[in-house]
Amino acid sequence: MRKPGKRMASVIVSIAAVCVMTGGIGYQAAVSGAQTDSTENSVKAQNTDQQESTDGSFSEEGTTQIGTVSQMPEFTVNAVTMTVEEVYASSGDTVSKGDALFKLTDESMEAAKSYYEDAISDAENTLKTAEANLASGKLSAESTKQDADLTAQTAADSYQAQVDALDAAVEEKKKPMMRR
């Protein structure tokens, strides 16, 4: 059984813990609200987009803001990060299909080109290996089929030889009976 003093101490510690947690949550909410108000006052409009194709091979993200000087989105093409060198359109500009929006750095283009050339080489090697495995599999299957056909033919010949031998034995047994 607990002593009354220990039970009272437990209750007091529990109440203190709840008060500390509640105070921390309230403080965090107040700080977040202040930061949100500050951000809303300094930035009039902000858009962040992330797009990904159905195969997951291309994505981009960036932030555009009214009144900012630099708008440098970062593009990721699979494992290669594409760096924007120049931006030709500003926030609020009207663009049409086919308009140039930005220029990528030569280094990031070379990295992407190298990455995809390596990927093509790997895919070609995988294809060659698959074709060799297919040809080997076909030869193996043909060999197995020929073995099975030969075994079946041998069994059929052996069966026929046994049937012929039995037929001859039956005919041989019938001859002495006919002479009687």
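Here are a few questions and answers on a predicted model.

Q: What makes K103 and E85 a salt bridge?
A: The term needs a side-chain nitrogen of Lys or Arg within 4 Å of a carboxyl oxygen of Asp or Glu. K103 and E85 sit at 3.7 Å, N to O, so the pair qualifies. It's one of 2 salt bridges in the whole structure.

Q: How do you know that the pair links distant parts of the chain?
A: K103 is in strand β5 (residues 102-104) and E85 in strand β4 (residues 80-87), 18 residues apart. Strands here are DSSP runs of E, at least two residues long.

Q: Why be careful with residues 36-53?
A: pLDDT, the predictor's confidence in each residue from 0 to 100, stays under 50 there. Where pLDDT is low, the predicted coordinates should not be read in detail.

Q: What rules apply to the numbering and the values?
A: Residues count from 1 along each chain as its sequence is written, and side-chain values use heavy atoms, without hydrogens or water. Local features need pLDDT of at least 70 and side-chain atom pairs 80 or more, while totals for chains, interfaces and linings use all residues.

Definitions and conventions. Contact means heavy atoms within 4.5 Å. Helices (H or I, at least four residues) and strands (E, at least two) are DSSP runs, numbered from the N terminus.
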